[in-house]
Amino acid sequence: MLEIKNLVVSYGSIVALHDVSLNVVAGEIVTLIGGNGAGKTSALKAISGLVAPSPGSIRFQGEDITRLKAHQIVKRGLCHVPEGRMIFANLTVAENLDMGAYLRTDAVEKRATLQYVFSLFPRLKERAQQIAGTLSGGEQQMLAIGRALMSKPKFLMLDEPSLGIAPLLVKTIFEKIVEINREQGITILLVEQNANLALEISMRGYVLETGRILLHDHSPALRRNPEVRKAYLGGG
Ligand SMILES: Nc1ncnc2c1ncn2[C@@H]1O[C@H](COP(=O)(O)OP(=O)(O)O)[C@@H](O)[C@H]1O
Ligand SMILES: [Mg+2]
């Protein structure tokens, strides 16, 4: 479904990604794990059209999207929940969700998606009129995911959904990610520093280290891999 070949991303003289290739098959949850500064966010930004790769190619459902603009990529069903959530802090929960559907025109279908988001995250329904900036970190993450779902994505990319969130809510959010994948058939690329959690819910994973893919495998195999255990799972 998503096929990335020989992707390079640089910021001036800083090369954030060197020759990264990865693929995601429809229906999968794939995780990209790596420490701080490994290049995870840069990879997602390149896929979303927020930074231009040079060189490299990105194909989505068979189409070359490497040079498309961000809104054209969203229109094709590829949606990105950014690191740090980036909700509109001064708008209400309901207004934030509505912004997620800005490219959609069918009011009836939009309402159905909103009902789905509220059933997935009842907390958002309770807080619909609350100013988003006053939500807790975990609630804001739910809102960011809900807003992405409002665009009716086929493919969802999540950038560190566990970052800075209370453990109990992290567990809920990860359960919901699995539910979105299983019940809505949405393919997921999950970027995480929390490798334990990410490898638990994903089918396959890629390990990114200083801009290069170090290894990739099925997630259970990565969890048993001594190198991965030592560097990312806090074990020997
Ligand atoms: N806008 C930017 N300008 C310059 N360097 C950047 C920029 N964004 C990221 N970088 C650098 O690119 C590298 C990868 O960063 P990033 O993709 O954010 O990693 P991660 O998400 O894995 O923490 C880091 O060395 C970082 O300092
Ligand atoms: Mg990042």
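A residue is called buried if 20 or more other C-beta atoms lie within 10 Å of its own, exposed if 12 or fewer do, and partly exposed in between, with the C-beta atoms placed from the backbone. The structure above is a predicted model, in which local features need pLDDT of at least 70 and side-chain atom pairs count only at pLDDT 80 or more, while totals for chains, interfaces and linings use all residues. Residues are numbered from 1 along each chain as its sequence is written, and chains are lettered from A and ligands numbered from 1 in the order in which they are written.

With 14 C-beta neighbours inside 10 Å, Thr210 counts as partly exposed. Thr210 has a positive phi of about 35 degrees although it is not a glycine, and it sits in the loop that links strand S9 (204-209) to strand S10 (212-218); here helices (H or I, at least four residues) and strands (E, at least two) are DSSP runs, numbered from the N terminus. Another residue other than glycine with a positive phi is Asn6, where the value is near 50 degrees. Asn6 belongs to strand S1 (residues 2-11), and it counts as partly exposed because it has 13 C-beta neighbours inside 10 Å.

S1 and S4 run antiparallel and are joined by four bridges, where two strands are said to pair if DSSP finds at least two bridges between them. Within this pairing, Leu2 stands opposite Phe60 in S4. Together S4 and S5 form a hairpin with two residues between them, and Gln61 in the turn has a positive phi of about 50 degrees. In the loop between H1 and strand S4 (57-60) lies Pro55, and the peptide bond from Ser54 to Pro55 is cis, with omega near -10 degrees.

H1 leads us to the ligand. Around ligand 1 stand Tyr11, Ile14, Ala16, Gly34, Asn36, Gly37, Ala38, Gly39, Lys40, Thr41 and Ser42, a residue being near a molecule if its C-beta atom, placed from the backbone, lies within 6 Å of it. Strand S2 (14-24) and helix H1 (40-48) are the elements that give two or more residues to this shell, and the largest share, three residues, comes from H1.

Finally, consider helix H7 (residues 167-184), whose 18 residues should span 26 Å at 1.5 Å a residue, which agrees with the 25 Å between its end C-alpha atoms; the expected span is 1.5 Å times one less than the number of residues. In H7, Phe174, Ile177, Ile180 and Asn181 are buried. Seen down the axis of H7, the buried residues fall within an arc of 115 degrees, so they line one face of the helix, the arc being that of the directions from the helix axis to the C-beta atoms. An α-helix has 3.6 residues a turn, so residues three or four places apart point the same way. The buried residues of H7 pack against strand S3 (29-33), strand S7 (155-159), strand S8 (187-192) and helix H8 (195-201), with two residues in contact if their C-beta atoms, placed from the backbone, lie within 7 Å. The face turned away from the buried side of H7 carries the exposed residues Leu168, Glu175, Glu179, Arg182 and Glu183.
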